[in-house]
Amino acid sequence: MKNFKSLFFAAGLMIAAACLTFTSCTKEGPQGPAGVDGINGVNGVNGTNGKDANGSCLVCHTIANFDQKIAEYHFSKHYTGNTSSRFTKFCASCHTSEGFKQILGSGKYVVANDMPAANRINCTTCHAHSGFDFTADTVSQILTAISPVYLNYNKNLTATDFGALNNLCVNCHQIRGATALVYSDTTLTPDVINKSFDQLPYFPFTNSSDLDTVQYRVGRSFSVHDGNQSNLFAGINAYEYKGKTYTKTWKHSAFACTQCHMNEYNAADSTGGHTLRVNEEACKTCHGSDKLTPIQNLIKGKLTDLAELLTTKKIFKKTVNGTTGAISYSALPTHDFNGKLYPTTQTAGDKFATSSSNNTVSPTTGLVIYGNMLKYGTDADYAIRMGRPWKWGELGAAYNYAYINSELSLGLHNPNYALQVLNNSIDWLNAN
Ligand code: HEC
Ligand code: HEC
Ligand code: HEC
Ligand code: HEC
Ligand code: HEC
Ligand code: HEC
């Protein structure tokens, strides 16, 4: 609203300045008779009169409405979260406002450089006017992005249309794609200069069989990151086993993200509207009972079953925190950074290459100096190593665990697909 007011204030000043010029030109002779009124402005579409700003603009532009939106937005994790404003090159596109606007303009999915001065996600990240003639779809005309999205995950090759409002969110709420790092230690043998971070083949990939083999090397990744809500919602990009059929759509497939996450504002618990938090009370007009808890409990149980099975198969390593007792799982590489197989028993003096993270921030520019190094050392995990490459089906199961686990809704965004993805992974591991 501040911008809006100051725009008209600026226009007023310009008119005052123009009058001053006229009154100082009195030597030109007497003023002629008044001219006739100009014709009304027309809009190009149907030749009708121009719009009355009171009717057209004040639908949104009242101080009360904007204050309300600001107050709601202060409950959103976009505003409160500590990762919004993460500015490094591979993060700024989704975690900062300026980064997001830059990639919308450049058509890339990584910004040109680190952006230390970038701000967290705010009103202008999502809002800009693409037009002022509000005859058709009012809301789309005030959003920064509504076009189909080139997903990072398929390397920007095809645009996927999730629907105009969804497309805005999906630009960020999608699988992250590669986060390239450059290793730059010149002192080591073998030479590791400019060996870039290696993302395992993107799913869905063209392997011929679930039994094909793949090295899961240190420095490679099949990570999907926390934002993959759009993929589960649309029932795409999980690892689907050969010969299995999957149900992609569900009851709310035609909904927009905003229909649940920006539903009716509820002041009692600060949900709905621009809080982006689901107002679950509003769901009860149709759903008499709690739909969410039973689904989330079911999916939580399946996730644990799958993680335990992956641990038994030596694909995952299970860690129990000594003080809190919290359990976590991580995928155990089959090969070191250079592709040397980790054996299941130790040979004295045997060394393996791993990466150690030591990016630094330049004190003068504030930019990150990407300087991850390789280091050689002994292995601590012989006893829990499988001692062979993974099968694609195993990679698929590990990936599917991450796909559902980091999606954060615990299956709610597509209950049937989530369950099939987990069940088929468990079945395949048990059978192979
Ligand atoms: C459907 C709601 C809506 C309508 C209708 C609307 N605006 Fe806006 N307008 C917005 C939003 C949201 C913003 C972004 C606010 C911010 O960035 O803080 C905005 C921003 C602006 C800005 C700031 C510059 C910019 O483009 O971001 C101007 C100027 C503006 N509007 C003028 C108008 C005028 C003139 C009209 C009527 C012809 C109008 N608006 C109608 C919602 C609307
Ligand atoms: C510019 C990128 C971007 C856009 C566009 C975006 N988001 Fe987000 N969203 C994020 C990031 C980054 C976070 C995590 C913020 C944090 O934790 O600091 C987040 C967090 C969230 C959360 C909270 C998640 C949690 O863990 O509590 C919800 C819900 C959400 N977004 C919904 C939406 C919806 C709905 C839209 C579209 C109307 C949208 N987002 C558009 C980047 C974006
Ligand atoms: C393609 C967009 C995208 C990119 C690029 C991206 N993120 Fe995120 N990130 C998100 C979204 C969306 C969320 C919010 C997910 C949620 O909380 O539901 C998020 C959440 C997070 C969280 C919070 C997770 C939690 O447990 O609360 C961290 C930490 C994070 N991102 C770090 C990073 C880092 C570091 C990078 C760069 C290497 C990065 N992100 C790049 C989209 C992205
Ligand atoms: C994550 C993206 C996002 C952010 C950030 C965001 N908005 Fe919105 N805003 C939307 C979407 C999407 C809609 C359309 C919602 C719908 O269809 O119900 C909308 C609608 C609006 C409208 C028009 C509808 C109405 O009820 O008047 C206004 C005004 C508005 N936003 C103001 C703001 C202001 C002010 C801020 C900053 C405090 C803000 N928005 C931040 C996504 C966003
Ligand atoms: C049918 C309603 C519905 C639709 C449509 C929907 N969501 Fe959700 N979403 C939920 C519910 C319910 C939760 C779980 C709420 C909770 O945990 O507080 C959730 C959770 C989330 C979370 C994690 C929030 C957190 O605090 O952990 C994010 C992020 C999110 N949704 C983003 C999206 C995006 C992006 C879209 C569109 C692609 C979308 N949602 C579509 C209902 C929906
Ligand atoms: C206009 C009515 C309507 C509204 C509003 C509505 N739903 Fe639904 N929803 C349905 C119907 C009908 C079904 C399918 C039958 C069933 O499972 O109850 C369904 C199914 C679901 C399912 C799948 C249930 C299952 O067991 O597979 C979830 C999850 C869900 N809704 C979440 C939500 C959330 C969250 C909201 C609020 C943001 C919401 N719904 C609002 C009508 C609605």
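This is a predicted model: local features need pLDDT of at least 70, side-chain atom pairs count only at pLDDT 80 or more; totals for chains, interfaces and linings use all residues.
His127 coordinates the iron atom of ligand 4 through NE2, together with NE2 of His274, at 1.9 to 2.0 Å. The angles subtended by the six donor atoms around this iron atom run from 88 to 179°, which makes the arrangement octahedral, since six donors are classed in this way if opposite donors are over 155 degrees apart and all others between 65 and 115. His127 is located in the loop between α7 (123-126) and β1 (149-150), whereas His274 is located in the loop between α10 and α11 (280-283), so the pair ties together parts that lie 147 residues apart in sequence.

The iron atom of ligand 1 is likewise coordinated by two histidines, His61 and His129, each through NE2 and at 1.9 to 2.0 Å. Here the six donor atoms subtend angles of 87 to 179° around the iron atom, and the arrangement is therefore octahedral. This pair, too, links distant parts of the chain, with His61 in the loop between α2 (53-56) and α3 (63-73) and His129 in the loop between α7 and β1, 68 residues apart. His61 has a relative accessible area of 16% and is therefore buried, the limit for that class being under 20%, while His129, at 35% relative accessibility, counts as partly exposed.

The surroundings of ligand 4 comprise 18 residues, of which Asn65, Cys123, Cys126, His127 and His274 are the closest. An oxygen atom of ligand 4 lies 2.8 Å from a polar side-chain atom of Asn65, and a polar side-chain atom of Lys69 is placed 3.0 Å from an oxygen atom of the ligand. By residue class, the shell around ligand 4 contains eleven nonpolar, six polar and one charged.

Ligand 5 is surrounded by 17 residues, with Gln229, Cys257, Cys260, His261 and His413 the closest. A polar side-chain atom of His261 lies 2.7 Å from a nitrogen atom of ligand 5, and an N or O atom in the side chain of His413 is also 2.7 Å from a nitrogen atom of this ligand. At least two residues of the shell are supplied by each of α9 (229-234) and α10 (257-261). The shell around ligand 5 consists of ten nonpolar and seven polar residues, with no charged residue among them.

How values were computed: Residues are numbered from 1 along each chain as its sequence is written. Chains are lettered from A and ligands numbered from 1 in the order in which they are written. Side-chain values use heavy atoms; hydrogens and water are left out. A residue is near a molecule or strand if one of its heavy atoms lies within 4 Å of it. A polar contact is a pair of N or O atoms within 3.5 Å; within protein, one must be able to donate a hydrogen and the other to accept it, and residues adjacent in sequence count only if both atoms are side-chain atoms. Helices (H or I, at least four residues) and strands (E, at least two) are DSSP runs, numbered from the N terminus. Ala, Val, Leu, Ile, Met, Phe, Trp, Tyr, Cys and Pro count as nonpolar, Asp, Glu, Lys and Arg as charged, and the others, Gly among them, as polar. Donors are N, O and S atoms within 2.8 Å of the metal (3.2 Å for Na, K and Ca); water is not among the atoms, so sites may look incomplete. Four donors count as tetrahedral if all angles lie between 85 and 135 degrees; four count as square planar and six as octahedral if opposite donors are over 155 degrees apart and all others between 65 and 115; anything else is irregular. Buried means under 20% relative accessible area, exposed over 50%, partly exposed in between (1.4 Å probe, protein chains only).
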